[in-house]
Every structure is written in C-alpha cells, then in structure tokens.
Amino acid sequence: MTANDTSTIETTEAVNPDGELRQGLFAAQAARIVKLQAEIASRQEEIDNLKSLILDSHPVGTYQAGNLKVQVKPGARRINAGTFEKAYPATKYPGAYQLRPRPLSQLEKLLPADAVADYAMSGKPMVVVS
C-alpha cells in the first residue's frame, strides 16, 4: 500500500464514518484468501499425484532429472504404540517409556489455573477464512 493509498483510505473513512470502505477491503481480502487456498489445494493435489507416480516407478534412491536431483526416501519409521504397549507394558518395561506432561487442556482441568498459566505458551496468531 502506498502513501497515496493510505491517504485515500483515511479521507474516505472521514467521509464514510461507517467504515464501508474498510469493510469492503476486508471482504475482498477474505475472498482473495479463499481463492488462493483453492489454488493451493489444486496445486497440492497435482504435486501429490506426480509424487505418487514417481514412487510407483522408482525405488528408494537418488536420481538425476535434468538439472534437478530427485530423492525417493523410505517412509519414516515409528512405533505402533497400541500394540507395543500390550506386548511391553510400562509396569514391566519402564525403561522403554518416557514421561511427558499431559496436554494443556487436560492440565487445566487437573491443576489450578494460576499454576498452569506460568507454564502455558501461545503459538503465533493466525487467520482462518472459511
């Protein structure tokens, strides 16, 4: 936004105290976000399809594709917690487990609010348009 745009908005707001211009800008921004999100979803679907084709045609490894390097990596390995816990219960195998605090929402129910407040963190604010 240029200085001229700012002065136009300020002048219009002075003439239009209801903020119709500001509301119109807000609606246009929200509409643009929705349009861009749809484009991103469409592009992401195309990317996912291309990656699927590559995975179907190339085993794990590194490949040259013109000036590009394409890596096909194996999937991340992780434990199936449910079946592991049944086979190796924490009471018998405490060394196989680690202790972690419960989620904040659960801690807020278990402990006084002021006790939890000192340890709670907030993430970056976000805008959601639906």
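Q: What makes up the protein chain in terms of helices and strands?
A: The protein chain has five helices and two strands. Helices (H or I, at least four residues) and strands (E, at least two) are DSSP runs, numbered from the N terminus. From that end the elements run α-α-β-β-α-α-α. This is a predicted model, in which local features need pLDDT of at least 70 and side-chain atom pairs count only at pLDDT 80 or more, while totals for chains, interfaces and linings use all residues. Residues are numbered from 1 along each chain as its sequence is written, and side-chain values use heavy atoms, with hydrogens and water left out.

Q: What do strand 1 and strand 2 form, and which residue in the turn has a positive phi?
A: The two strands form a hairpin with two residues between them. In the turn, Gly-66 has a positive phi of about 65 degrees.

Q: How many aromatic pairs does the structure hold?
A: It holds three aromatic pairs. Rings of Phe, Tyr and Trp (its six-membered ring) pair if their centres lie within 6.5 Å; planes under 30 degrees apart count as stacked, over 60 as edge-to-face and the rest as tilted.

Q: Why is the pair of Phe-84 and Tyr-88 called stacked?
A: The ring centres of Phe-84 and Tyr-88 are 5.2 Å apart and the planes stand at 25 degrees, so the pair is stacked.

Q: Why is the pair of Phe-84 and Tyr-97 called tilted?
A: For Phe-84 and Tyr-97 the centres are 6.0 Å apart and the planes are at 50 degrees, so this pair counts as tilted. Phe-84 lies in helix 3 (residues 81-87) and Tyr-97 in the loop between helix 3 and helix 4 (104-110), so the pair ties together parts 13 residues apart in sequence.

Q: Which residues form one aromatic cluster?
A: The cluster consists of Phe-84, Tyr-88, Tyr-93 and Tyr-97.

Q: Why does Phe-84 count as partly exposed?
A: Buried means under 20% relative accessible area, exposed over 50%, and partly exposed in between (1.4 Å probe, protein chains only). Phe-84 has 24% relative accessibility, so it counts as partly exposed. Tyr-88, at 39%, is partly exposed, and Tyr-97, at 28%, is also partly exposed.

Q: How many of the 130 residues, in percent, count as buried?
A: In the protein chain, 4% of the 130 residues count as buried.

Technical notes
Pairing = 2+ DSSP bridges.
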